[in-house]
Amino acid sequence: MAETVLINLKLLNRWVAILIGIGLMGCAAFVLADIILRQLGSSLGGTDEISGYVMAIATSWGMAYALLEMGHVRIDLLRGRVGKLWRSILDLASLLILSGTVSLIALKGWPVLERSLANSSRANTPLETPLALVQGPWLAGWVWFALVSWVTFVCALMLVMQGRFETSEATIGTFGEEDLAK
């Protein structure tokens, strides 16, 4: 069951990554169009602001994808020197700390969005972008990352408790230098 949940999460996050990639490509096209228009004496304006918003949203949503693709950086000094059980314990501890940290970020992000909604806050820029339009998707990305990290933790814990250390390591482990050389 844990493997099925993790496979489905990976599949879902791949679709999220594709959508985020399309958004980033659209943003790049927007910036490119503005650069070309500047050469012609005109400008769309606001490309720096909009691209910053897109990057913040893409980053928050992309974190869950990076987690399931083992793209997060970890220092594995101890991990490489211990057996399967202890590697699994270190992996679980790492994921537990990550899940807690991400959950805290998501929880602390809500009051920011709530205040922007209550005050109808706008960016202090020429575009005067309603901040909730940016903060909503940004916060949703952090909430998604927290949810994915907790589900991944529970699934990995189930695998470790079943003694399936290799499967757990393939899910939440890390690539060492020796893995990269292969």
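Colleague: Which residues lie nearest the centre of the largest pocket?
Modeller: L67, H72, R74, S94 and L98, among 13 lining residues. The model is predicted: local features need pLDDT of at least 70 and side-chain atom pairs 80 or more, while totals for chains, interfaces and linings use all residues. Residues are numbered from 1 along each chain as its sequence is written, and side-chain values use heavy atoms, without hydrogens and water.

Colleague: What makes a residue part of the lining?
Modeller: An atom within 4 Å of a pocket point. A pocket is an open set of points on a 1 Å grid where a 1.4 Å probe fits, with protein on both sides within 12 Å along at least five of seven lines. Helix α3 (84-119) gives the most to this lining, four residues. Helix α5 (165-172) also gives two or more.

Colleague: Why are α2 and α4 called roughly parallel?
Modeller: Helix α2 (residues 47-68) packs on α4 at about 10°. Angles under 35 degrees count as roughly parallel, so α2 and α4 qualify. Their axes, lines fitted to C-alpha atoms, are 9 Å apart.

Colleague: What makes the contact?
Modeller: Heavy atoms within 4.5 Å. W61 and L67 of α2 are among the residues involved, as are W138 and F145 of α4. The contact holds 17 nonpolar, four polar and no charged residues.

Colleague: Which element has the lowest mean pLDDT?
Modeller: Helix α6 (residues 177-181), at 50. pLDDT is the predictor's confidence, from 0 to 100. Where pLDDT is low, coordinates should not be read in detail. Helix α4 (residues 131-161) has the highest mean, 95.

Conventions. Axes are lines fitted to C-alpha atoms, for helices over the stretch in contact, and angles run from 0 to 180 degrees between N-to-C directions. Angles under 35 degrees count as roughly parallel, over 145 as roughly antiparallel, 65 to 115 as roughly perpendicular and the rest as oblique. Ala, Val, Leu, Ile, Met, Phe, Trp, Tyr, Cys and Pro count as nonpolar, Asp, Glu, Lys and Arg as charged, and the others, Gly among them, as polar.
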